[in-house]
Amino acid sequence: MEFKGANILSVEQFSIEDIRTILRVAETMEPYALPQKKTRVLEGAILGNLFFEASTRTRLSFGAAFNRLGGSVRDVVGFQFSSMAKGESIYDTSRVISGYVDILVVRHPQEGSVLKFAQATNIPVINGGDGAGEHPTQALLDIYTVYKEKEKNFDKLNGLKIGMIGDLKHGRTVHSFSKLLSLFEDMKFIFVAPEQIQIPDKIVNQIKNAGHAVIQTDKLIEGISDVDVVYVTRMQEERFNEKENFSSYQGYYTINRQIYDKYCYPQTIIMHPLPRDSRPQSNELDNDLNNYKNLAIFRQTDNGVPVRMALFALLLGVVDKIQETESNVQWYVPS
Ligand code: CP
């Protein structure tokens with residue numbers, strides 16, 4: 001795809017070569033993300049960071065990524081602090097804000113809503129999560145995490161066996177990540193969830209049509225015992241309706257050190273898009289794994305910054321200009 005000026009709305013817009021490009025650029029961003037060096041390549045540019053739904057990682061890492069490139073960030077957090085609370089449409093909101101900023105990141109509770117923002121403006125729009133739809137940049141940082149855990153060997157992403165566990169119906173990270181993984185070859189997906197909250201058939205069919213193996217089960221052990229990656233997800237309480245009865249799924253699956261040691265290969269990586277639900281009655285991923293070397297969840301969150309920096313650099317056309325304004329970091333940075 002042509003990155004410059006593009007929107008990032010769904011992983012379905014990417015080819016395997018696009019993924020290779022994003023990972024390559026993300027690697028070049030690492031020194032600035034850590035930060036070992038600084039750059040001012042986006043000095044003067046402004047990001048509009050519009051979050052109409054709760055977020056910690058996505059909002060802050062998009063903001064940090066833009067700041068690390070030298071740009072400024074303007075945030076809108078929650079409907080109540082925007083004029084959408086007065087009935088303003090997505091179209092008007094997007095048109096107006098695009099007169100103030102150079103690029104938009106939007107998180108919104110309705111599936112398809114970020115596309116509407118993009119249709120109303122000529123600046124690039126990035127989907128930071130649209131309801132139960134997609135979360136494409138989470139999928140990119142997830143694939144970047146697997147790539148780094150696999151010795152930065154792009155070819156080792158082929159043939160991956162992954163168990164995805166939890167609320168696969170409402171979990172947009174699972175939707176995006178599984179579709180993105182299906183661009184690779186000879187993959188095996190094991191989707192572990194109670195039948196009522198299994199992954200949508202449409203996504204299963206897309207994966208199967210791309211030639212990959214798919215198993216759907218409600219048995220946790222089947223999803224964790226013969227895989228390279230265990231991808232745990234939270235039961236998405238905010239997306240359950242009354243009929244779906246969230247409380248009956250709370251705490252349905254828990255992975256802890258004892259279960260890991262008993263059933264997983266010693267090299268199996270544990271991932272989670274976070275937030276994990278650490279309430280005792282939920283606890284899908286126990287704290288007793290926090291210091292375990294194969295728990296990649298905090299490396300995963302760190303990876304959000306270079307990946308999002310890479311997207312900004314690609315969409316705003318400055319990949320080749322990063323080093324022109326490079327300088328050393330003066331402040332204390334822990335190792
Ligand atoms: N993974 C993720 O989207 O986290 P936040 O909801 O905190 O942004």
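1. **The four-stranded sheet.** In this predicted model, four strands form an open sheet in the order β3-β2-β4-β5. Their pairing is parallel. β3 (72-77) and β5 (125-130) are the edge strands, each with a single partner, so one side of each has no neighbour in the sheet. Direction ignored, neighbouring strands are turned by 10 degrees against each other on average.

2. **The β2-β3 pair.** Strand β2 covers residues 46-51 and is joined to β3 by six bridges. The two strands run parallel. For a landmark, look at Gly48: its bridge partner in β3 is Arg74. Strands of a sheet pair through backbone hydrogen bonds, in either the parallel or the antiparallel sense.

3. Helix α2 (residues 57-68) lies across β2, β3, β4 (103-108) and β5. α2 runs at about 180 degrees to β2. Helix α10 (residues 297-315) lies across β2, β4 and β5. The angle of α10 to β4 is about 135 degrees.

4. **Strand β9 and its partners.** β9 spans residues 229-232. Strand β6 (residues 161-165) pairs with β9 over four bridges, in the parallel sense. In that pairing, Ile162 stands opposite Val229. β9 is also joined to strand β10 (residues 269-271), by three bridges, and these two run parallel as well. Opposite Val230 stands Ile270 of β10.

5. **Are the faces of β9 covered or open?** Both faces of β9 are covered. Side chains in a regular strand alternate between the two faces of the sheet. In β9, Val229 and Tyr231 are on one side, with Val230 and Val232 on the other. All four are buried.

6. **α5 against α6.** Two packed helices are described by the angle between their axes and the distance between the axes. Helix α5 (residues 136-149) packs on helix α6 (residues 172-181) at about 55 degrees, with the axes 8 Å apart. The two helices are therefore oblique to each other. Their crossing is right-handed. From α5, the contact uses Pro136, Gln138, Ala139, Leu140, Asp142, Ile143 and Val146. From α6, Thr173, Ser176, Phe177, Leu180 and Leu181 meet them. By class, the contact has eight nonpolar, three polar and one charged residues.

7. **α5 against α1.** Helix α1 (residues 16-33) also packs on α5, at an angle of about 75 degrees and with the axes 11 Å apart. That angle makes α1 roughly perpendicular to α5. On the α1 side are Ile19, Ile22, Leu23, Ala26, Glu27 and Glu30. On the α5 side are Leu140, Ile143, Tyr144, Tyr147 and Lys148. The contact has eight nonpolar, no polar and three charged residues. Leu140 and Ile143 of α5 meet α1, and they also take part in the contact with α6.

8. **Ala210.** Where does Ala210 lie? Ala210 is in the loop between α7 (201-209) and β8 (213-217). Its relative accessibility is 42%, so Ala210 counts as partly exposed. Ala210 and Asp130 are 80 residues apart in sequence. In space, their C-alpha atoms are 25 Å apart.

Methods:
Residues numbered from 1 in each chain as written. Predicted model: local features only at pLDDT ≥ 70, side-chain atom pairs only at ≥ 80, totals over all residues. Heavy atoms only, no water. Axes fitted to C-alpha atoms, helices over the stretch in contact; angles between N-to-C directions. Parallel < 35°, antiparallel > 145°, perpendicular 65-115°, else oblique. Left-handed = near helix turned anticlockwise from the far one by under 90°. Contact = heavy atoms within 4.5 Å. Nonpolar A, V, L, I, M, F, W, Y, C, P; charged D, E, K, R; others polar. Buried < 20%, exposed > 50% of the residue type's maximum accessible area, 1.4 Å probe, protein only. Pairing = 2+ DSSP bridges.
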